[in-house]
Amino acid sequence: MLTRTFTRGGASIPHRKSATENKPIVSMPAPEEVVIPLQQHIGAICEPIVKVGDQVKIGQKIGESKQYISAPIHASVSGQVTAIKDIQLVDGRQVPGVVITNDGQDDFYNRENNHINKLSAEQIREVVKEAGIVGMGGAGFPAYVKLTPPKPIDTVLINGAECEPYLTCDHRLMLEFGPELIDGLKTIMQAVGASKGVIGVEVNKPDAIALLRKLTKEEPEIEIVSLKVRYPQGAEKQLIMAALNRQVPSGCLPAEVGCVVNNVHTAIAISQAINEGTPSYQRVVTVAGRHVPDPRNVLVRIGTPISKLIDFCGGIIQQPAAIVAGGPMTGTIFSNLEAPVVKNLSGVLLLGQEEINLSMNNPCIRCAKCVDACPMGLVPNMLALSGEHSKVEELKRLSVMDCIECGLCSYVCPAYRDLYGEIKKGKNAVNSKEAAV
Amino acid sequence: METQYVKSPLIRTNVTISRIMWDVVIALVPTLIAGIVFFGIPALWVVFLSTVTAVLCEALILRYPLYNKGIFGDGSSIVTGLILGLILPPTVSWWMPIVGSIFAIALVKLAFGGLGYNIFNPAIAARTILLLGFTAHMVIYTAPFDVVTTATPLLRPLSFDWSFIWGNYGGSIGETSVIAILLGGIYLLYRGHIDWRIPTGYVGTAFLFAVLWGIDPWATITTGGLLFAAVFMATDMVTSPVTPMGRLIFGIGCGFLTIFLRQFTAFPEGVSFAVLVMNAIVPILDKMTLPIKFGAEVSLERRTRTTITVAVIILLSWGALALVSNFTPEYRPVVAEGVYLPLEETLQTADYEKVDYKGTTFYYVGELDKPERVAFTSDSRGYHGPIHFYVVVDAEGVIEHIQILSHRDDPGLGSLVTRESFLGQFIGKSPEDEISLGVDVQGITGATISSNAVIRGVREGLENYVSAFLTEEEKTTFADGTYIGEVSSFGGNLQVEVVVSGGKISQVKVLKHNDTPGIADQALELIPKSIVANNSTDVDTITYATVTSKAIMKAVEKALATDANDVIEVTGAPLEVPTVDGIYQGTGTGYKEGLEVEVTVEGGKIVDITVVSHNDTPLMANVAFKQLIPAIIETQGLVDAYTSATASSEGLFAAIEDAFTKEAK
């Protein structure tokens with residue numbers, strides 16, 4: 001099979017997907033109580049539009065913001081609002097949240113069925129905006145903003161690379177929600193006026209590639225591109241390079257080269273929002289790792305405490321060495337298991353000691369493996385050194401803001417240095433300095 | 001105990017620092033094996049000492065590896081020790097690798113902050129310190145298997161030579177075998193621990209500049225530690241740039257500097273200094289060669305400007321170099337493949353000439369006929385292998401300077417012959433002195449064989465010198481005339497015509513031959529010229545055309561021996577031939593003592609004369625005897641001496657006369 005990949009940097013990393021990739025998605029019953037944060041996206045925090053004591057139904061809007069870059073929040077269960085309070089997310093941030101006690105009725109609020117043929121691009125954007133759909137691959141960028149490109153778009157790219165180890169939710173979604181995915185892609189194409197749709201899938205998911213090819217046999221405008229397994233292929237710029245052979249200029253958005261990229265899950269959510277009128281109130285999360293008794297992909301309500309999600313997969317039997325939200329490369333390590341599932345949480349990993357490597361501060365031996373691996377053509381060892389000391393000028397000279405935070409530099413480092421952490425620190429230093437000016 | 005953190009990414013490569021270091025150790029194994037095969041146990045001993053010292057030194061200074069990471073720590077000290085051992089000559093004294101490793105670890109590496117912080121490659125820096133501090137001990141290179149007499153590969157006209165590929169020649173332990181080095185390099189490339197840019201840039205540039213400066217390019221890259229440095233030392237991660245372009249420039253710089261230093265300085269260590277200089281500019285290389293990041297637009301204008309700038313810089317440096325090489329007086333590289341002959345120091349002038357005579361290279365000051373000072377190398381067999389000397393004599397042949405270039409005898413007793421107290425005894429000795437053990441030279445107790453070898457070598461060296469410079473009559477002169485000689489060669493008979501005028505061979509012409517065209521051409525062209533130039537039939541053969549070369553020499557020899565017109569005349573001095581039949585034995589002194597003849601007398605007539613043994617120059621004496629003996633038998637009397645070998649002729653006559661004074665056997 002002819003496969004494509006990006007040309008600069010990158011590395012092969014272990015997949016570790018076998019525990020969950022062949023198991024169907026399981027729907028988890030709604031918990032007794034959900035805690036829904038009012039910010040699950042990049043952008044402004046939503047204002048609550050319900051009061052304590054209000055009765056809400058599934059899909060009822062409970063928070064919204066007047067800011068352009070934001071996404072409304074919806075109730076994920078039917079029941080009573082019992083509290084509006086600050087809650088802690090997996091990354092440690094405190095944001096206001098709405099606590100809803102489930103009445104077990106699972107009543108839906110005002111579902112509207114539609115079809116893209118009947119909708120204009122503007123109407124699609126409006127539906128997507130109202131459905132509160134954000135980038136579900138991890139970024140959490142409001143989807144309707146992406147559907148409003150500043151430049152002409154010819155191609156819509158669906159990111160089915162899923163290059164992070166352990167995570168298989170996109171893989172399972174492609175297999176089980178193939179028609180919805182294709183429909184979602186067509187919806188996005190219509191919204192941005194693109195004539196071509198491309199789904200990029202790494203070849204370690206041959207069943208998904210085969211299925212999608214079968215589904216799009218009659219659709220000449222949609223191409224399924226098989227990609228060589230290589231990290232970080234799921235990163236936007238690398239995916240565009242790999243699938244379309246276009247290089248997004250430094251500091252620019254994909255629209256610069258005429259394309260938009262959306263995650264598999266996002267496309268499916270858009271399709272469901274249009275066709276079924278369901279807003280973003282649930283998602284599929286991969287629960288995996290050595291310390292998960294029953295690893296699988298779970299369809300879970302937004303706001304479900306992560307502890308309940310873990311219990312659904314067999315609970316914590318042995319204390320894991322690390323609990324991760326997201327993938328092991330870029331995910332967040334957390335300990336507060338009461339933090340809720342949010343729209344951009346793709347995985348919960350309970351990793352054993354033997355599965356992880358600890359970061360160490362062995363001396364840099366200047367092996368340049370990070371330089372060779374960096375997909376952005378940066379010099380991570382020098383960046384990390386400047387980041388450690390917050391040398392803003394030097395960091396800028398070394399193009400720190402081009403870093404896509406894929407974590408590959410740390411992965412390949414034979415000294416197990418925390419390059420990723422130091423570079424992020426450097427980015428923060430540059431950001432705060434620029435904010436101060 | 002270092003701090004550990006739970007941080008993403010939580011999965012890490014299994015290629016850790018120690019894994020890299022052990023990979024380098026694995027890559028060095030072939031060179032170590034080649035070193036042991038070609039140089040024997042002493043090589044293993046050197047590498048063992050340097051490695052053990054490096055490991056212990058680091059463990060003791062850092063202390064914590066002793067209980068935390070084990071004595072090997074991250075493995076980097078083993079790599080340093082191994083590499084240092086491999087770049088030392090196998091003949092160094094036992095303390096050299098130890099001192100070198102301590103320098104490398106303590107001074108060059110740990111004093112700068114340990115692994116990752118050192119500016120210079122520890123092994124190269126240590127070797128340079130040893131070289132500068134203990135020059136005499138470092139420039140002893142030995143020839144393995146005794147295949148090469150004086151290991152001077154770069155002085156010989158050579159090209160691609162398989163012995164350099166296998167590594168079967170003199171040099172440092174790990175640096176000689178191209179095959180072994182390439183094996184290691186391929187492994188490191190496969191493991192991703194070295195960047196192809198450094199070795200390729202290094203070797204490629206060296207090759208290019210060797211071609212441009214008229215140095216044998218194949219010899220340049222296959223000998224003298226260049227390849228080892230390109231694969232194992234210039235690629236040292238800590239001391240080379242991290243950016244791809246930086247690494248390419250680094251490699252090119254190393255290659256250029258190596259050839260530049262070899263060409264324009266008298267130092268044997270072009271490689272070491274080149275790598276050290278490039279090590280020093282690594283930070284700036286890194287800074288100036290940041291890779292073009294993903295998505296950075298490179299405008300055509302900028303690309304053009306960069307290309308033009310680079311082209312201008314190259315052209316300017318080219319011009320500067322051309323000027324330098326034009327105005328620099330032609331410098332004879334006295335250094336060849338690490339064999340450092342201190343010619344300038346000992347001859348006390350840089351104005352010397354070189355002449356080859358019977359396989360020995362003489363460096364002389366003044367006129368060839370009356371040299372003020374002569375330097376030459378000589379060798380003889382010691383206890384374990386050849387001992388190579390370097391001797392300088394004055395106009396009268398009195399030894400002024402003597403040093404041992406290499407020997408393979410025991411580092412303990414055998415190496416005592418290198419001591420001043422022993423060698424000093426030779427100073428002031430001349431060819432007239434006896435120079436023998438216990439008579440005028442005292443040997444070293446416990447190293448009699450080594451002592452004797454040195455004495456024998458000095459004596460033979462002096463004899464060579466005498467025959468080359470002092471003995472006018474023994475110097476090759478021939479009777480004028482034209483000679484024809486024919487021998488069988490590779491493809492059939494080979495015939496030469498030799499013209500002698502003024503006592504010297506003035507022209508050699510190959511009249512006919514049937515040797516393979518192409519292969520023999522070079523020999524057919526060069527050997528006659530070489531014979532004329534050397535006025536001798538004993539000249540260097542041409543590689544790949546040895547048979548033809550030798551055939552031409554033999555034919556000339558034969559020609560000179562056969563038809564020596566007007567040489568022999570009956571002098572009318574009849575011999576008093578004894579009346580008793582039998583074989584008479586007599587001795588005489590030709591150019592040297594010990595000319596023995598057997599004269600067979602039958603019926604009062606000489607019927608046969610056999611020269612049983614003689615110590616004269618074989619070629620000339622044998623020609624003389626061949627000419628004289630038939631004449632003596634023919635005339636039953638003495639004849640005129642053979643003009644080119646008067647002493648030998650006189651010796652023959654004296655021996656015959658001596659024989660007739662004795663009883664027949």
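The contact, defined by heavy atoms within 4.5 Å, takes 42 residues from chain B and 59 residues from chain A. In this predicted model, local features need pLDDT of at least 70 and side-chain atom pairs count only at pLDDT 80 or more, whereas totals for chains, interfaces and linings use all residues. Residues are numbered from 1 along each chain as its sequence is written, chains are lettered from A in the order in which they are written, and side-chain values use heavy atoms, with hydrogens and water left out.

Between them, chain B and chain A bury about 4,300 Å², 60% of it on carbon and sulfur atoms, where buried area is the accessible area (1.4 Å probe) that two parts lose on being put together, summed over both. Ile11(B), Arg12(B) and Phe294(B) supply 23% of the area that chain B buries against chain A, more than any other three residues. The two chains are joined by four salt bridges, each a side-chain nitrogen of Lys or Arg within 4 Å of a carboxyl oxygen of Asp or Glu; in the salt bridge of Asp372(A) with Arg247(B), the closest N and O atoms are 2.8 Å apart.

Chain B also holds an open sheet of three strands in the order S13-S14-S15, with antiparallel pairing; strands are DSSP runs of at least two residues (E), and two of them pair if DSSP finds at least two bridges between them. Strand S13 (582-588) and strand S15 (605-613) of chain B stand at the edges with a single partner strand each, so one side of each is left without a neighbour in the sheet. S13(B) pairs with strand S14 (residues 595-602) of chain B over seven bridges, and Gln585(B) has Glu598(B) as its bridge partner in S14(B).

Key: Helices (H or I, at least four residues) and strands (E, at least two) are DSSP runs, numbered from the N terminus.
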